[in-house]
Amino acid sequence: MAKTIMIVDDSSTMLMSLRNSLEIAGFKVLEANDGSVALKTLQGGAKPDLIITDINMPNMGGIEFIGKARALAGFRFIPILALTTESQQGKRDEAKKLGATGWLLKPVSGTDLNKIIKQVLPGA
Amino acid sequence: MSAHRDPVPAAAEALAAYLQLEEAIDGSLNGVISDTESSARSIIQNVRRLHDSATTLATYLDGTSLQAGDLGKEIFESVAFLGDIGAFIKRLPEKIERDLSSVQALVTEIKFLNEMTADVKAISLQSHLLAINAAVEAGRAGTVGSAFKVVADEMRRLAGTSSTMAVKINKGLARAQEIVENGIESTIKESAAQLAEVSTAAATIDKLQNNFEDMSQYYKTRLAIVIKHNEDLVRDIGEALGQVQYQDVVRQSIERIRIAAGRRNDAMRTLLLMQGEDADEEAGVPLQLELILKDYLAEEQKHRHSVRQTQGSAAPLKIELF
């Protein structure tokens, strides 16, 4: 059965690019255009196998979203990857502390993305 | 003589015109973001269609490969069967040779039997003579020899029958020998022509088999090349989708420029509104501009990602798993 990946980004181009890359690789995709929408989707019962989130977004940014998602029941061990243009170490450390699984700098190629997904989602 | 304008109103006019220009540029930058976004979305849609075509092609190639495999298997089995026939045909001359040798051995055996009938005839003749002598001796013995005469007569009759039978066997064997020898002669004549045909048929089968193997290998190679190109195409499509993400990187870069430019314009607008009325406020504008520059460079530093931006310093890790 195809695994489900949630993508969170305020850029429609990013959402479209990631959706197509992931669908081509055989995944089901859930979209949210900021952290707050993503959190509501998770609270509504969605259970993705992996979350890929941007960091700088309106309403609720990626760092805050990671912290709140980790606090939800059943989301303690689901891998969460940050995909952002932010390269500063401080933000990385903060995300890591809140439970992020990894940090990817935009843009990420289809090959690299699939490689990372295979690492954090064994059997994908 | 040219007219002199008051420097303060002239600077104020220039500043106002500059701010109008900035607003126009900001509007254009916003348009650039919008245009690149819609163009990136079109590229993604086109690339996705390209991928769907590549997938259709891959499915078609898989089907063709399977069908070619089944067809190849059938042809291979047919050719193998023809190969068996060819091998049998190749062994045929040897078999014919063996059969001829057997028939020749049979002829030798018939000749030997024929010679034996001569011995049987000689024995019959001697038995006949012996029976005549026995009959003469029985006649001399008179009444006492009458019973013996009956035996001698019977023996003479048997000798006659043996001789007749020997002649019949002799004739029969001669006919058998003639039939077999005629058969051998015609087989040898026919074999020469058949062997020539056999040789041609065997060569044709060999050629057919080699041609099939060459053709099969040729198409296998072609199919493998097409499949490899298709895989490369799918991989490159994935890479292209990744490259489109640069639109978001550029958008964010322009957004940071717009924020810095907006703050700078606000500072300039303050300067314009003062019109020399508040010297302290005006003196603070350069400091504000310095602060805006510092903030802008700090923001840029947080978003270093390209080779251009990381020259002379350690590039941040593009992928890091915690």
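Ile51(A) touches Met6(A), Val8(A), Ala69(A), Ile78(A) and Ile80(A), leaving aside residues up to four places away in sequence, where contact requires C-beta atoms, placed from the backbone, within 7 Å. This is a predicted model, in which local features need pLDDT of at least 70 and side-chain atom pairs count only at pLDDT 80 or more, while totals for chains, interfaces and linings use all residues. Residues are numbered from 1 along each chain as its sequence is written, and chains are lettered from A and ligands numbered from 1 in the order in which they are written.

Ile51(A) and Ile52(A) have the most contacts inside the largest nonpolar core, which has 41 residues; such a core is a set of buried Ala, Val, Leu, Ile, Met, Phe, Trp, Tyr and Cys residues joined through C-beta atoms within 7 Å. Helix 1 (residues 12-24) of chain A gives the largest share of this core, five residues. Of the 124 residues of chain A, 50% count as buried, a term that asks for 20 or more other C-beta atoms within 10 Å of a residue's own.

Chain A holds five helices and five strands, following the pattern β-α-β-α-β-α-β-α-β-α along the sequence; helices (H or I, at least four residues) and strands (E, at least two) are DSSP runs, numbered from the N terminus. Among contacts in chain A with a separation of 6 or more, 61% are between residues 24 or more positions apart.

Between the chains, 31 residues of chain A are in contact with 30 residues of chain B. On the side of chain A that touches chain B, helix 1 of chain A gives the largest share, eight residues. The residues of that side fall into the classes below, with Ala, Val, Leu, Ile, Met, Phe, Trp, Tyr, Cys and Pro as nonpolar, Asp, Glu, Lys and Arg as charged, and the others, Gly among them, as polar.

| Class on the side of chain A that touches chain B | Residues |
|---|---|
| Nonpolar | eleven residues |
| Polar | 15 residues |

Helix 5 (residues 110-120) of chain A packs against helix 2 (residues 146-243) of chain B at an angle of about 95°, with their axes 7 Å apart, which makes the two helices roughly perpendicular, a label for angles of 65 to 115 degrees. Strand 5 (102-105) of chain A pairs with strand 1 (residues 319-321) of chain B in the antiparallel sense over three bridges, pairing being counted if DSSP finds at least two bridges. Trp103(A) stands opposite Glu320(B) in strand 1 of chain B.

Methods
A residue is buried if 20 or more other C-beta atoms lie within 10 Å of its own, exposed if 12 or fewer, and partly exposed in between; C-beta atoms are placed from the backbone. Two residues are in contact if their C-beta atoms, placed from the backbone, lie within 7 Å. Axes are lines fitted to C-alpha atoms, for helices over the stretch in contact, and angles run from 0 to 180 degrees between N-to-C directions. Angles under 35 degrees count as roughly parallel, over 145 as roughly antiparallel, 65 to 115 as roughly perpendicular and the rest as oblique.
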